[in-house]
Amino acid sequence: MIKFRNVTKYYPPDTYAVKGINLHIRQGDFVSIIGESGSGKTTLIKLLTAEEKISDGHILLGGWDISNIYNREIPILRRQIGVIFQDFKLLKQKTIFENIAFALEVCGSPSSKIKTIVPQILKVVNLYHKAERYPTQLSGGEQQRVAIARALIHRPKILVADEPTGNLDFANTREIIDLLKKINELGTTVLLVTHDREVVNLLKKRVVLLERGEMVSDEKVGRYVI
Amino acid sequence: MNYSIVRAIKFAFQDFWRNIWLSLVTITVLVLAILSVNILVSLSAISNKIVESVKDKVDISIFFKSEIDQAQIDNFQIKLKNIPEVKEVILITKEKALEEFKQKHKDEPKILEALKEVEKNPLADALVIRARDTEDYNKILGVLSLKENQDLIKFQNFTDHKKIIDQINLISSKIEKISLAITLIFVLISILIVFNAIRVTIYTHKDEISVMRLVGASDRFIRAPFIIESVIYSVFSIGIAIVLLYAIFGAIGPYLADFLQTYNFDLIEYYNQNFFMIFGAEFAVVLLLNAISCSIAVRRYLRG
């Protein structure tokens, strides 16, 4: 599904954000990428979503080598990878329905499709009854569920979650992790970037540990060991 | 694709209304820039008209000796017409000249009585010569001064407006230079303000742009609403400038007519005749300026 082959990201004059990463993620995997701040977790995700260009090596998505992706192909790539962040990135002036619909609107989906799909996805994240509310009227956990709904709207094969529970309390964190597990059980590959010990230990899934840009371990059922 | 175009237009109008004050400021700046350019256009049109009118009044009149017959006059007229610098040669027979003289002095009985007492037509046959350019008169005067020609001519009269033309040319060229400098300064300030206004507009949408990129919107789609918005700015600013200009021309028309008196120049008529050329060019420049500002400003948020 996703293959990182000797992936390096280098910033002149002498900084390596990630160095020689070799990683194979199969379809349906749930992988937690852990490490301290500055270990290269977020850089790895940015390379996967083509927000940053690879200095050396290759990233293969299916059979597609995205190492030297053209700018015009980036939107196609991003529709195949749903991404959620710690700060949700919701538009405050739009309702929950509009926030999710926006992701379809800007990609040219017909209105009839939007009217059908958005309520379905809102039901999946259990926010159908709050469709007309604004993000500021929701709790942190609910806002993250909206972000997940938006990330899933293009039915991506991969969901990347970059510190999704960083702003949440324990109850909301559990809620989000349960939702990610549910999404994973339905066949979506999930890449979770976190340094939340509780979350990783609770999941009992594959754990990749990064240190100073290098991969130091890859455990099938790992624990947070830093 | 159709959905994208319709949505880009919808987003553009939404942005325009949501940031109505910013939109109004941008349009005001553009209107002021367009007005200043049109002041230059108007001044240039007026000075050109004055120069052309004065140039039209320059001519050489030659009066033949009484013993010269019609055949000699005709030959001389043909000879003059063959000079490349000569634009036209008009024959005024002494009969026609007398008629015009009588008409001109019809309310002055003393002059008419004096004319009756002379009995014979005292006026001479004449040719009025006009050159293609005011610079050509010297050459024509040179031809006329040849002895064979002077034998036919009783006297000649060259109404030399060259000094006036030179002065008008000098003044209009100075006016043009000053106006051009003022306009350039204004256009430069306008470019900066418009560029900044569009940047602020786009800055207020940076979150939306970031979400659009996140969910896989193409760069073209992200740019489109801003480009369309700049078209809206251009249409509104040109429209408002046209209305204001015609209102100003209507208001200053009588004063301008009074000032220009015999030149018979109407700014509204001039603009009507050149409407599409003047405003078409101005619209194209404003649109280009907006589109470039917009592209540069959006590009910053599309990197990565």
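These questions and answers walk through a few side chains of a predicted model.

Residues count from 1 along each chain as written, and chains are lettered from A in written order. Local features need pLDDT of at least 70, side-chain atom pairs count only at pLDDT 80 or more, and side-chain values use heavy atoms, without hydrogens and water.

Trainee: Is A:Arg145 buried or exposed?

Mentor: Buried means under 20% relative accessible area, exposed over 50%, partly exposed in between (1.4 Å probe, protein chains only). A:Arg145 has a relative accessible area of 10%. So A:Arg145 is buried.

Trainee: Which residue's backbone oxygen does the side chain of A:Arg145 reach?

Mentor: A:Arg145 is in helix 5 (residues 140–152) of chain A. Its side chain reaches a backbone oxygen at 3.1 Å. That oxygen belongs to A:Asn126.

Trainee: How are the planes of B:Phe64 and B:Phe76 arranged in their aromatic pair?

Mentor: Rings of Phe, Tyr and Trp (its six-membered ring) pair with centres within 6.5 Å; planes under 30 degrees apart are stacked, over 60 edge-to-face, the rest tilted. By this rule there are 16 aromatic pairs over all chains. B:Phe64 and B:Phe76 have centres 5.7 Å apart and planes at 90 degrees. The pair is edge-to-face.

Trainee: How far apart in sequence are the parts that this pair ties together?

Mentor: B:Phe64 lies in strand 1 of chain B, and B:Phe76 in helix 3 of chain B. B:Phe64 is buried at 2%, and B:Phe76 is buried at 4%. The parts tied together are twelve residues apart.

Trainee: Over which ring does the charged end of A:Lys123 sit?

Mentor: The test needs NZ of Lys or CZ of Arg within 6 Å of the ring centre and within 35 degrees of the ring normal. The charged end of A:Lys123 is 4.9 Å from the centre. The ring is that of A:Tyr128.

Notes. Helices (H or I, at least four residues) and strands (E, at least two) are DSSP runs, numbered from the N terminus. A polar contact is a pair of N or O atoms within 3.5 Å; within protein, one must be able to donate a hydrogen and the other to accept it, and residues adjacent in sequence count only if both atoms are side-chain atoms.
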